[in-house]
Amino acid sequence: MPRSRHHQSKITSQDVASHAGVSRATVSAVLNGSRYVSEALIRRVQDAVDALGYTPNVVARSLKTQRTHTIGLVIPNVLSPIWALITRSVELRARELGFNTIICDTDEDPATERDCVNLLTAKQVDGLIIAPCGVDSEERLMPLFREKPLVFVDRAPHTLPVDYITPDKPAGAETAVRHLVEQGARRIAIIGNTNPGQETYLDDEWLGGYKNGLRAAGLPLDERLIRMGRRGPHSESDGYTNTLALLRQSQPPDAIIACTHFTTMGVLRAARELHVAIPDDLALVGYEEVIYTEYVKPSLSVVHQPWDDVGRLAVDVLVRRLDSGIDREQPDLPQHYVLPVRLIIRDSSRLAVKNPSGSPRR
């Protein structure tokens with residue numbers, strides 16, 4: 001009677017080598033990607049691994065290589081379609097490169113973020129991809145940065161010299177303003193969000209592009225048309241209350257740029273409650289292309305941001321840092337990658353349909 005799997009002797013790399021007719025060094029090179037091996041030998045080793053059901057000893061390999069082949073991903077909201085896209089692209093690219101991913105959700109809470117980073121450090125991840133909660137996060141991350149490579153996504157570093165990947169938010173806002181002006185809008189509002197302590201950096205993001213767009217169009221900057229809410233679970237409710245405040249002004253806006261997916265939802269809810277028709281009474285451009293934007297009525301114009309590319313590039317940058325063997329005390333200069341965005345024009349911003357002359361509506 002054959003012994004159960006539980007009692008069978010564990011398959012070793014030597015068993016794989018013998019089955020494939022190669023040396024243990026060749027097996028190691030194939031499994032770890034440590035040196036060039038011909039395609040023919042790779043196939044022989046992989047066939048032997050499959051035939052024997054060999055599973056590498058990850059713990060032993062990490063002790064030898066000082067690598068766990070694990071990446072930590074720290075995101076602010078796993079329920080957001082955008083962070084879901086980033087998470088998926090990070091996981092897929094990491095898997096292609098032979099890495100596993102551990103995902104943590106901070107819910108934009110600094111204490112939770114600290115716990116997530118401590119957990120990932122204890123798990124001995126090789127490096128971290130993170131969207132930090134705020135500027136204070138960078139001070140907490142400094143000790144980890146001295147030991148492991150870090151890559152920021154979406155949120156720019158301000159004090160920590162780390163690699164950073166983001167869509168070109170300013171260009172997106174400037175393009176949205178230009179489009180709305182072409183449609184005849186003249187009182188263009190913007191609703192964004194930020195974390196406490198980061199308000200002074202808004203000109204580096206949506207707000208800076210918005211101001212540039214107004215300046216290029218020769219329109220005055222009216223601070224009453226700028227509204228900023230909080231990131232995280234408050235984004236939709238703040239988008240709602242900020243839209244109510246804008247539309248109840250004596251001179252309400254004729255167009256709104258909503259800088260996140262959840263903020264856009266808040267704008268739609270407020271407009272519906274006040275019986276403000278989009279786009280007849282109010283043009284709307286949102287940020288972030290998610291599944292429903294094309295199918296709601298009216299369909300939503302959005303600034304499309306390449307989140308898939310952000311996630312994949314973050315993994316590539318992190319792995320390059322790992323492979324470079326850089327001196328953590330004297331690291332190479334950080335690389336900042338700003339990826340192009342594009343405006344997708346749909347019905348929600350087509351004021352010119354009701355106002356063919358393009359002349360001011362108010």
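Me: Between which helix and which strand does the loop with Asp 254 lie?

Reply: Asp 254 sits in the loop that joins helix H10 (235-247) to strand S8 (255-258). Helices (H or I, at least four residues) and strands (E, at least two) are DSSP runs, numbered from the N terminus. The model is a predicted one: local features need pLDDT of at least 70 and side-chain atom pairs count only at pLDDT 80 or more, while totals for chains, interfaces and linings use all residues. Residues are numbered from 1 along each chain as its sequence is written, and side-chain values use heavy atoms, with hydrogens and water left out.

Me: Is Asp 254 buried or exposed?

Reply: Buried means under 20% relative accessible area, exposed over 50%, and partly exposed in between (1.4 Å probe, protein chains only). Asp 254 counts as buried because its relative accessibility is 0%. A polar atom of its side chain lies 3.0 Å from the backbone nitrogen of Arg 186.

Me: On to strands. Which way do the side chains of S4 point?

Reply: In a regular strand, side chains alternate between the two faces of the sheet. In S4 (residues 150-153), Leu 150 and Phe 152 point one way, Val 151 and Val 153 the other, and all are buried.

Me: In which sense do S3 and S4 pair?

Reply: Two strands pair if DSSP finds at least two bridges between them. S3 (residues 127-130) and S4 pair in the parallel sense, over 3 bridges, and Ile 130 stands opposite Phe 152. From S3 the chain passes through helix H7 (residues 135-145) to S4, a right-handed β-α-β crossover: with the strands pointing away from the viewer, the path from the first strand over the helix to the second runs clockwise. S4 also pairs in the parallel sense with S5 (residues 163-167), over 3 bridges; there Val 151 stands opposite Asp 163.

Me: What lines the largest cavity?

Reply: Rolling a probe the size of a water molecule over the atoms shows where empty space is left. Here a cavity is a set of points, on a 1 Å grid over the protein atoms alone, where a 1.4 Å probe fits but cannot get out; lining residues have an atom within 4 Å of a point. The largest cavity is lined by 22 residues, with Trp 83, Asp 154, Arg 155, Thr 260 and Glu 288 nearest its centre. Helices H5 (81-96) and H11 (261-273) each supply at least two lining residues.

Technical notes: A polar contact is a pair of N or O atoms within 3.5 Å; within protein, one must be able to donate a hydrogen and the other to accept it, and residues adjacent in sequence count only if both atoms are side-chain atoms. On a 1 Å grid over the protein atoms alone, a cavity is a set of points where a 1.4 Å probe fits but cannot get out, and a pocket is an open set with protein on both sides within 12 Å along at least five of seven lines; lining residues have an atom within 4 Å of a point.
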